[in-house]
Amino acid sequence: MTEYALLIHPSANRVYAESAVELAAAELAVFSDLAFGGRLTDIGTTVIGGLPYVCFTGDELTDRDLSTLANLSARYAFFAREGDLLRPVAAAGRDRFDSDLITIPKYAGKTNEQFTKLLLNVTALATTGSAGAGRSGAVADPLGPDSPPLRVLDPMCGRGTTLNQAMMYGWHAAGVEIDGKDFEVYANFIRTWLKHKRLKHSAEIAQVRRNRTQLGRRLAITLAASKEDHKAGRTLDLTMVHADTRRGRDFFRAGSFDAIVTDAPYGVQHGTRGQADRLTRDPLGLLAEALPVWVALLRPGGALGISWNTLVAARDDLAALLVKAGLKVADGPGYAGFAHRVDQAIVRDLIVARRP
Ligand SMILES: C[S@@+](CC[C@H](N)C(=O)[O-])C[C@H]1O[C@@H](n2cnc3c(N)ncnc32)[C@H](O)[C@@H]1O
């Protein structure tokens, strides 16, 4: 048995105030349960040399195990504990692109990127029976270095924080956003970024019509992460639709996503956000209408993860909506440990549910 210590990223303290280590420990608990069959034990928090760490025990972790763990959203560095000393343990996660894909976009109303990664991780881990199924009764670890790409939808995607993180993992990403400005800003950003990085891609924006009725605009990009991927035909699809999420079935086929991940409107007036937020003073009402559509888009065994403001909607009420929509709420280790304060008007939490 080896004891490990995870040093969390300094920025996590800024994002989560006092809750950073507890959130990292909760995320690790989800990883242990769903990607490691409970092999990571004694998960806790500790202070070493004045800095907070998440500590855990594992039987000699393989390079592959460490690559999976390297995707933990708050990871800064791993160490094996040897007496009083910390031995650095090198590990690289799934990241396929330069980190500025995630860090360049900055705007009011952006969901923090580290939190977005956390939400994506704990939703992806809850999926079962994916293309590369392997573990007993569950999925092959979708965060493993060589696991096949998931298809991820953010049905209220803003300016694409989730899409960029999914793409960073080498996954197919799609988004729906009601705000036309957000659609345009994202379309401009991603096309400029792809050109700047000289990544092979094709991109087009088109009106989607049915029976001469305009349904919305769609940005459709096909890209390759490297020249080798391009040659081998390994491409990723990146799609964003400008439309109301309740019309999602107009744009995507039933059962076509492994994971649906979204940061719901907070139901508070963000000075700089426009009409959409005024329209969503009642996030629970919107979710009640949107959930049946989203569930139809999810394949059986797929998972849905939503973050929301608990000051405007109670966890039990949201859980009841998910159950009513035919989902099973994930209640394994870690999932109850993600509530944290964002500011005086927002105490954020997340909930994950699976389509049986
Ligand atoms: C909390 S923000 C998500 C921000 C996003 N994660 C980002 O980082 O850019 C919620 C988003 O939901 C969008 N929204 C609200 N109602 C919607 C609807 N009916 N259909 C689609 N999007 C909607 C808002 O415009 C807003 O961009």
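**View 1. Polar contacts link domain 1 and domain 2.** Between domain 1 and domain 2, eight residue pairs are in polar contact, both partners having pLDDT 80 or more. Please keep in mind while looking that this is a predicted model. On the side of domain 1 that touches domain 2, the helices α1 (10-16), α2 (20-35) and α3 (63-69) each supply at least two residues. Helix α2 gives the most to this side, with ten residues.

View 2. The domain assignment places residues 2-89 in domain 1 and residues 100-354 in domain 2. Their centres, taken over C-alpha atoms, are separated by 26 Å. Domain 1 brings 24 residues to the contact, and domain 2 brings 25 residues. About 2,100 Å² is buried between domain 1 and domain 2, and carbon and sulfur atoms give 58% of that area.

View 3. Side chains of opposite charge can pair when their charged atoms come close. In this view, the side chains of R64 and D146 meet in a salt bridge, with N to O at 2.7 Å. Across the interface of domain 1 and domain 2, the count is one salt bridge, while the count for the model comes to 18 salt bridges. The R64 and D146 pair links distant parts of the chain, 82 residues apart. To find the partners, look for R64 in helix α3 and for D146 in the loop between α5 (113-124) and β6 (151-154).

**View 4. Residues gathered around the ligand.** There are 26 residues around the ligand, and Y107, T111, T161, E177 and T245 come nearest among them. A polar atom in the side chain of Y107 is 2.6 Å from a ligand oxygen atom.

View 5. For R159, the atom to look for is a backbone N or O, which lies 2.9 Å from an oxygen atom of the ligand. For D244, turn to the side chain, where an N or O atom is 3.1 Å from a nitrogen atom of the ligand.

Conventions
Residues are numbered from 1 along each chain as its sequence is written. This is a predicted model: local features need pLDDT of at least 70, side-chain atom pairs count only at pLDDT 80 or more; totals for chains, interfaces and linings use all residues. Side-chain values use heavy atoms; hydrogens and water are left out. Domain bounds come from an automatic or database domain assignment. Contact means heavy atoms within 4.5 Å. Buried area is the accessible area (1.4 Å probe) that two parts lose on being put together, summed over both. A salt bridge is a side-chain nitrogen of Lys or Arg within 4 Å of a carboxyl oxygen of Asp or Glu. A polar contact is a pair of N or O atoms within 3.5 Å; within protein, one must be able to donate a hydrogen and the other to accept it, and residues adjacent in sequence count only if both atoms are side-chain atoms. Helices (H or I, at least four residues) and strands (E, at least two) are DSSP runs, numbered from the N terminus. A residue is near a molecule or strand if one of its heavy atoms lies within 4 Å of it.
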